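This briefing goes through one protein model by topic. Please keep the sequence and the 3D view open while reading.

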Amino acid sequence: MAGNAHEDAAAGFDPLRPKLIRVAYRMLGSVADAEDMVQEAFIRWMRADRAEVREPEAFLRRTVTRLCLDQLKSARLKRETYVGPWLPDPVVEEEPEEDVTLPLMLALERLSPLERAAFLLHDVFGLGFEEVAATIDRDPAACRQLAARARTHVREGRPRFQVEQSRGLELAQAFFTASRSGDLKALGAMLASDVSIHADGGGKRSAAMHPILGFDAVIKVHEQLAALFRKHGSDLVRAGFINGLPGFVTREADGELQSTALEIEDGKVVAIYIVRNPDKLGHLH
């Protein structure tokens, strides 16, 4: 009987799992934490009186969101002691995700957990405020205010210029080639004057402890890196879209993976996001 109950629960849950992971990942910015929250939701789904649940998707989305709200409280404490810049786990896809890009995910970090939930559920996933209210246990008017405040905070994280997909991949490939070969002239032609580098090593691998700002500083860093690449190599694993931005995954000299995502405006790279923390790259193996 227990086996049948598990199969029945899984039959209703598994088709919704990808959607639930999307909700959890956008709430938390961590692939492992998102998977944990969804698995906990499945355990609660198994224990629930499923015959009484009229809308399983709404029930499970509500469960996952509430679990994520609790998780965000402990996650914020960890972020306060995180070594160096924090970036969300890289998710690599063949097609760009345009609803929540990497810059927007960073902007979401400035929101309270409730603002983040209201914004994502309403503005990104398209739920009405009545459903948002039921999910986060607030009244609809309060949810409207939460979402409005969130929009004000994250407006700068919204992409102002959409990069055509093939052009974005061309720029990512050209960036990889120029940065690894030390062709600083070609690299410089791709960079905006106010370009920046944000590197997340999490204290586990070497990475800049603060953002590197401005064309000259970024070129200088790549001049130093090119010497290391010539000596030790850097192998392209795959190109694609990393959290909605064109980029690539490489295997570096220490044998570990690294992701590089490029924010592009008016055909120029305005920000380079590099994840080196191995804890955030395990799902890419």
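**Briefing on the predicted model**

D137 sits in the loop that links α7 (129-136) to α8 (140-154). D137 has a positive phi of about 60 degrees, although it is not a glycine. With a relative accessibility of 60%, D137 counts as exposed, because exposed means over 50%. The points below cover the whole protein, then its sheet, then two further loop residues.

**Overall build**

- The protein contains 11 helices and 7 strands.
- For 285 residues, a compact globule would have a radius of gyration near 19 Å, and the 21 Å of the protein agrees with that.
- Taken along the principal axes, the box filled by the C-alpha atoms is roughly 65 × 45 × 40 Å.
- Of the 285 residues in the protein, 48% are buried.
- Among contacts with a separation of 6 or more, 65% are between residues 24 or more positions apart.

**Surface and charge**

- The 7 strands form an open sheet with mixed pairing, in the order β1-β4-β5-β6-β7-β2-β3.
- β1 (92-93) and β3 (212-213) are at the edges and have a single partner strand each, so one side of each has no neighbour in the sheet.
- β4 (residues 235-242) and β5 are antiparallel and pair over 7 bridges.
- One of the bridge partners between these strands is G247 in β5, which pairs with G240.
- β5 (residues 245-251) is also joined to β6 (residues 257-265), by 5 bridges, and these two strands run antiparallel.
- On the β6 side, G247 has A261 as its bridge partner, and R251 has L257.
- Of the 7 residues in β5, 6 are buried, so the strand is mostly covered, where buried means under 20% relative accessible area.

**The two hairpins**

- A hairpin with 2 residues between its strands is formed by β4 and β5.
- A hairpin with 5 residues between its strands is formed by β5 and β6.
- In the turn of the β5 and β6 hairpin, G255 has a positive phi of about 85 degrees.

**N243 in the turn between β4 and β5**

- N243 is located in the loop between β4 and β5.
- The phi of N243 is positive, at about 50 degrees.
- Is N243 buried or exposed? Its relative accessibility is 4%, so N243 counts as buried.
- Which residues does N243 contact, apart from its neighbours within four places in sequence? The contacts of N243 are with Y25, D89, P90, V91, V100, T101, L102 and M105.

**D266 in the loop between β6 and β7**

- D266 is found in the loop between β6 and β7 (268-275).
- D266 is a residue other than glycine, and its phi has a positive value near 50 degrees.
- The relative accessible area of D266 is 64%, so this residue is exposed.

**Points to keep**

- N243 is buried, whereas D266 and D137 are exposed.

Definitions and conventions:
Residues are numbered from 1 along each chain as its sequence is written. This is a predicted model: local features need pLDDT of at least 70, side-chain atom pairs count only at pLDDT 80 or more; totals for chains, interfaces and linings use all residues. Side-chain values use heavy atoms; hydrogens and water are left out. Helices (H or I, at least four residues) and strands (E, at least two) are DSSP runs, numbered from the N terminus. The radius of gyration is taken over C-alpha atoms; the globule rule is 2.2 Å times the number of residues to the power 0.38. Buried means under 20% relative accessible area, exposed over 50%, partly exposed in between (1.4 Å probe, protein chains only). Contact means heavy atoms within 4.5 Å. Two strands pair if DSSP finds at least two bridges between them.
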